[in-house]
Amino acid sequence: MSGHTQNLTLAIIKPDAFGSGKIGGVLGVLEEAGFKVRGSRVVRLDDRAAQAFYAVHSERPFFDSLVEFMTSGPCMPLALEHERAVPHLRDVIGATDPAEAKPGTVRALFAESKERNAIHASDSDDNARQELGFFFGHVDLIGAR
Ligand code: ATP
Ligand code: MG
């Protein structure tokens with residue numbers, strides 16, 4: 001059994017999906033999967049914010065390209081509620097590389113490539129709390145427990 005217990009997680013509709021008219025499609029898959037939207041914003045990350053958000057990947061060869069992509073246009077952070085929200089959202093978004101993502105997942109449906117892959121999702125309860133604070137620390141999330 002995993003230790004995931006919290007019912008809120010953080011997603012970001014990335015600049016590729018945001019910029020190509022796929023917000024509605026992505027939200028449709030998330031709602032169909034039972035998620036309730038408890039917070040949403042539209043933001044344009046600058047280099048500092050994108051580097052800070054993906055700091056865990058700062059030594060990876062794709063880091064500079066990832067930061068360039070994430071700053072290339074607006075994106076949409078979402079606070080999403082569901083039982084065991086973190087593992088459920090990871091199931092619903094699919095594998096990082098859309099070629100490996102299961103049919104019906106957000107990335108199978110909407111991602112362009114392993115980098116331009118439509119959506120981010122927190123990968124642990126601790127990271128979900130931290131990432132929710134990054135984008136929603138200053139607001140009261142409706143229904144958050
Ligand atoms: P995310 O953290 O965005 O939810 P993930 O957890 O599935 O994605 P990570 O390994 O955390 O995957 O990588 C973060 C992001 O960096 C990926 O979503 C993708 O946009 C980019 N990325 C990861 N690996 C590669 C790669 N080999 N080449 C190019 N981009 C990559
Ligand atoms: Mg990740």
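Is T105 buried or exposed, and what is its relative accessible area? T105 is buried, with a relative accessible area of 7%; buried means under 20% relative accessible area, exposed over 50%, and partly exposed in between, computed with a 1.4 Å probe on protein chains only. The structure is a predicted model, in which local features need pLDDT of at least 70 and side-chain atom pairs count only at pLDDT 80 or more, while totals for chains, interfaces and linings use all residues. Residues are numbered from 1 along each chain as its sequence is written, chains are lettered from A and ligands numbered from 1 in the order in which they are written, and side-chain values use heavy atoms, with hydrogens and water left out.

The surroundings of ligand 1 are described next. Ligand 1 is surrounded by 13 residues, of which Y54, H57, T96, E115 and N117 are the closest; a residue is near a molecule if one of its heavy atoms lies within 4 Å of it. By class, this shell holds 4 nonpolar, 4 polar and 5 charged residues, where Ala, Val, Leu, Ile, Met, Phe, Trp, Tyr, Cys and Pro count as nonpolar, Asp, Glu, Lys and Arg as charged, and the others, Gly among them, as polar.

Polar contacts to ligand 1 (pairs of N or O atoms within 3.5 Å) involve R107, E115 and N117. For R107, an N or O atom of the side chain is 3.0 Å from an oxygen atom of the ligand. For E115, a polar backbone atom is 2.8 Å from a ligand oxygen. For N117, a polar side-chain atom lies 2.8 Å from an oxygen atom of ligand 1. On its own, ligand 1 has 570 Å² of accessible area, and the protein covers 82% of this; the areas come from the Shrake-Rupley method with a 1.4 Å probe.

Ligand 1 sits in the largest pocket. A pocket is, on a 1 Å grid over the protein atoms alone, an open set of points where a 1.4 Å probe fits, with protein on both sides within 12 Å along at least five of seven lines. A molecule sits in a pocket if more than half of its atoms lie within 2 Å of its grid points.

Several of the residues examined lie in loops. E115 is placed in the loop between α6 and β4, with helices (H or I, at least four residues) and strands (E, at least two) taken as DSSP runs numbered from the N terminus. E115 is partly exposed, at a relative accessible area of 29%, and its C-alpha atom is 24 Å from that of G133, 18 residues away along the chain. A118 is found in the loop between α6 (106-110) and β4 (119-121); this residue is buried, at 0% relative accessibility.

The loop between α5 and α6 contains T105 and D97. D97 counts as buried at 19% relative accessibility, and its C-alpha atom is 21 Å from that of P77, 20 residues apart along the chain.

Backbone angles were also examined. Most residues other than glycine have a negative phi. A118, not a glycine, has a positive phi of about 75 degrees. R84, also not a glycine, has a positive phi of about 45 degrees. R84 lies in the loop between β3 (76-81) and α5 (85-93) and is partly exposed, with a relative accessible area of 36%.

D125 is located in helix α7 (residues 125-136) and is buried, with a relative accessible area of 9%.

Key
Polar contact = N/O pair within 3.5 Å; in protein donor to acceptor, adjacent residues only side chain to side chain. 1 Å grid on protein atoms, 1.4 Å probe; cavity = no way out; pocket = protein on both sides within 12 Å on 5 of 7 lines; lining within 4 Å.
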